Protein chains: 2
Amino acid sequence: PSPASGYCPTMAGLQILRQPRPCRLAEGDTLELECGAIGNPPPQYQWFRNRRPVEGAQGPQLQVKLVTTAERGSYSCRVFNLFHEVWSREVDVEIGEGSGQTSVAPAPCGGQQGHPAPSPAPSSPIPAATDKVALLIGNMHYLHHKQLQAPMVDVHALAALLRQLDFKVVSLLDLRKAEMQMAVNEFLLLLDKGVYGLLYYAGHGYENFGNSFMVPIDAPSSYTSAHCLCVQRVLQRMQQRRTGLNIFLLDMCRKRNLNDDVIPQLGALQVTANIVFGYATCADAEAYELSQGELSNGIFVTFLKRWLLEDEKITVLLDKVAEDMGTLEITRGRQALELRSNLSERRALTDPIRPPAQDESSARNLQWAKAHVLPESRHLHFDCGVTVQLGFAAEFSNIMIIFTRVVASPEDIAQCEAKLTDLPEELDVDLKCTNKESPEEVGSPLAPAWSPGCPSCCLYSRLCGLQKLRQELAFTVCLQYRYRGMDDFVEERQAVSVGKPLIAKLNLQ
Amino acid sequence: PSPASGYCPTMAGLQILRQPRPCRLAEGDTLELECGAIGNPPPQYQWFRNRRPVEGAQGPQLQVKLVTTAERGSYSCRVFNLFHEVWSREVDVEIGEGSGQTSVAPAPCGGQQGHPAPSPAPSSPIPAATDKVALLIGNMHYLHHKQLQAPMVDVHALAALLRQLDFKVVSLLDLRKAEMQMAVNEFLLLLDKGVYGLLYYAGHGYENFGNSFMVPIDAPSSYTSAHCLCVQRVLQRMQQRRTGLNIFLLDMCRKRNLNDDVIPQLGALQVTANIVFGYATCADAEAYELSQGELSNGIFVTFLKRWLLEDEKITVLLDKVAEDMGTLEITRGRQALELRSNLSERRALTDPIRPPAQDESSARNLQWAKAHVLPESRHLHFDCGVTVQLGFAAEFSNIMIIFTRVVASPEDIAQCEAKLTDLPEELDVDLKCTNKESPEEVGSPLAPAWSPGCPSCCLYSRLCGLQKLRQELAFTVCLQYRYRGMDDFVEERQAVSVGKPLIAKLNLQ
């Protein structure tokens, strides 16, 4: 079983939070590797050395005391539950001869949680983040403006890649102004000294007087800066959190907004020398989507995703994206990536995470994890004898898939289906996106990644805009069944409440 | 004689305009190398192969018909006149066996002037410039603002480096608004399709609403954009010239100018994907000089000059400068290089020059050369029998050094000196900068580079602001001499007119 097969980085329903780290030990040391994951149903673990299972190593932590050179090798961890399987990255464990006192330790060994982390050297040659956090917002379904296609796929693609780079990702689609504001506030709470913060925005936007504005989906037809979020203001607040690196990837138009003649009165930025902007297009110019069907990336992400995992200084990486994008004939003279940077250190998205102290890091993890808690999968028992499984998967931080599956039914029932109904009004659930036989039909871009590993005979529903939930998520599961030899369907209903899922937990209203 | 010894790139008094180019030939081909220089007195030439003089090769062009492998080697050209010596770069000539028809020619062989240039391939893998032109402006002596120290040394250092990179350099110190405007106009005339244009500015500046403004030396105490030059407007006009690369190196403050609430109404920039800004500091921040004496570079150029000759894409180069500058403790949190780029191709300052056609290139060369013509050195014969040599050297395009030297005097004259006087009023000549016994005394930053090769027993005068000359440069040489056995000095005067030197030729007023 190679780590590549069955690898499903896009499934927030089963997700690795903490990857194991390579380490170098001396004989007699204790080997500790950790792979932290969340999932629903809860994840199970199996560790592998040189792609063979390690006997008895079935927890999130692998510990081997008094190692010898026999424990050398490449380690990885298979994380799985009933529906999904994810492989951790494969890391090398080197074990030298001699005593532990003389061994070198280029990277901290063992997990970051539950172990005291070594404090970083004062001027470490390899830069490190104290944590990495990304907020991804894609606005598509504008109330008063042209609808966009690409943001969903773009946010989804970047979220998957950033997770591979150990970023804590919050990904949100279609936000109103107040919701964007709250999302940014939550993002800022996740930032702290030395944290790498990344903001990606895809949607309508404009640039006036050197400031960039993101347009929420509820912006009126003639919007001004009062209806929008100013990127530079977010940057100022990030600087106040003493972030280690501030990255903005702005996938939006930068034309002037002639309706808006307000000159923003922002205070001066600090000279933190750690700010990098990657604009999808030049000042005064537009950013384009490719018209290659609903599920294709925009121009910027098409090229960005080719390079994002490269182990390069972020400025060098974006410069390569610019060069790559420059080869595209169709946008020549209309769109070109613009890079702005005052980054003075060689920092990269691939930099390791070295939390300064256990507590702060845990607090952040908790805050972030809150926004990614899915309801527990559960079995509903109906009076007629049918048992229905109710399962949940996260597509974005504010979009959840619920699936129902009949797992047991009496022999005298010939046919039965469990459908969701009475979903909360504030979610504006589109009936086209409920109780469909395949994930594709509910409009999920995840469909290709998801289908193979997912149970068949399910009905899928897609709930968008979870940030709008005012109370716990309650709905009715309506079982429709038919006895053998009968023509008519009978209904049995069961009310379900599953708490506040995903981003709803943060009460963004 | 190694090419390094006596190398004096800063002396505009003797300057190589066209460097020889490496080439690959087949046996039987004709080898043609060219080294074009201007100087005063006119330059002489000696070609070298493998650092040994080539017999009879004493012109600007070296031609060898029917070459054999015996002509393989490294060629360079020594260019010299009475006062100076400059070495061309050393280039490899490879001569393969076989017929000329089968030889490959990766770079055009022979000089660009006087030979038909090969037209560039439609999508050449190595980017090339059709020409390279740099305008360097340093403002120091402000009439109503704080005086600056570093611009003179910074402009001087960059001019020397850019000349090594084959840039046509116009370097100007202390310009008023009208003069800056005219200098920019002349710069634009030198630009054309595919030309690399570079603008370096050191002096007071500010940034409002995303636009950068350069402050001329005559700006009033409360200046607004009406008194200044807008960099983005220069960029727009460069784009109109269809330049191949637009580089701005802005060594100035970027704080807001609160006196100026005019919002510039610039049209939109074109998406040419070839614009690179290197700012000495971040938005809202200041740029610093180092207080290490009069002749030290500012922070930006101190680091820039370490990297400028590297054969790297200009964005990568500036990113390295940013990283290097980031190591400086003294400016941490106050100044950090900011890079802005939408450059989509891998273009570098080191790219070769391939002129598209002979005529356009020659016209540009002529226009530029006009601004670099020094008066002819001459001998003045006085009635008393003394002969005085009058010599000229360019320090910047608007600053010239004149030196006088007694080359012959009758035996009965015990002592004599030739001094300049009656210099044109509009030049505001500082008496402290005339008729001094060493170049250092006239305030020339060139002094260290210049002194060793320059004649002794001279009197030096430094004429600044040549752009202000309204007519031909006329002055009086006043010979003061004393006969043997006499105590009193006698004077004899001679009026001299030397035409319009250097930038004055362009009539910038």
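## Worked exercises on a two-chain model

At 17% relative accessibility, B:Asp174 counts as buried (buried means under 20% relative accessible area, exposed over 50%, and partly exposed in between, with a 1.4 Å probe and protein chains only). We'll come back to that residue in Exercise 1.

Some ground rules before that. This is a predicted model, where local features need pLDDT of at least 70 and side-chain atom pairs count only at pLDDT 80 or more, while totals for chains, interfaces and linings use all residues. Residues are numbered from 1 along each chain as its sequence is written, chains are lettered from A and ligands numbered from 1 in the order in which they are written, and side-chain values use heavy atoms, with hydrogens and water left out.

**Exercise 1. Is helix α3 of chain A mostly covered or mostly open, and what covers its buried residues?**

Step 1: count. The helix spans residues 231-240 of chain A, and seven of its ten residues are buried, which makes it mostly covered.

Step 2: list them. The buried ones are A:Val231, A:Gln232, A:Val234, A:Leu235, A:Gln236, A:Met238 and A:Gln239.

Step 3: look for the cover. It includes helix α2 (177-190) and the strands β13 (195-202), β15 (211-214), β16 (229-230), β17 (245-251) and β18 (275-279) of chain A.

Step 4: check what follows the helix. Just after α3(A), A:Arg242 takes a positive phi of about 60°.

**Exercise 2. Classify the ring pairs B:Tyr206 with B:Phe213 and B:Tyr481 with B:Tyr483.**

Step 1: set the rule. Rings of Phe, Tyr and Trp (its six-membered ring) pair if their centres lie within 6.5 Å; planes under 30 degrees apart count as stacked, over 60 as edge-to-face and the rest as tilted.

Step 2: get the total. Over all chains, the structure holds 15 aromatic pairs.

Step 3: apply the rule to B:Tyr206 and B:Phe213. Their centres are 4.9 Å apart and the planes are at 15°, so the pair is stacked. B:Tyr206 is buried at 2% relative accessible area, and B:Phe213 is buried at 3%.

Step 4: now B:Tyr481 and B:Tyr483. At 5.5 Å centre to centre and 85° between the planes, the pair is edge-to-face. B:Tyr481 is buried, with 7% relative accessibility, whereas B:Tyr483 is partly exposed at 27%.

Step 5: look over at chain A. There, ring pairs link A:Tyr206, A:Phe213 and A:Tyr223 into a cluster.

**Exercise 3. Find where B:Tyr223 sits and what it touches.**

Step 1: locate B:Tyr223. It lies in the loop between β15 (211-214) and β16 (229-230) of chain B, and its relative accessibility of 14% makes it buried.

Step 2: list contacts (heavy atoms within 4.5 Å). Leaving aside neighbours within four places in sequence, B:Tyr223 is in contact with B:His145, B:Tyr206, B:Val215, B:Cys228, B:Asn257 and B:Asn259.

**Exercise 4. What symmetry relates chain A to chain B?**

Step 1: superpose the copies (least squares on the C-alpha atoms of residues with pLDDT of at least 70 in both). Chain A can be laid on chain B with an RMSD of 0.1 Å by a turn of 180° and a shift of 0.1 Å along the axis.

Step 2: name it. That's the relation of a two-fold axis.

Step 3: compare the interfaces. Of the interface residues of chain A, 100% are also interface residues in chain B, so the copies meet through the same surface.

Key: Helix = DSSP H or I, 4+ residues; strand = E, 2+ residues; numbered from the N terminus.
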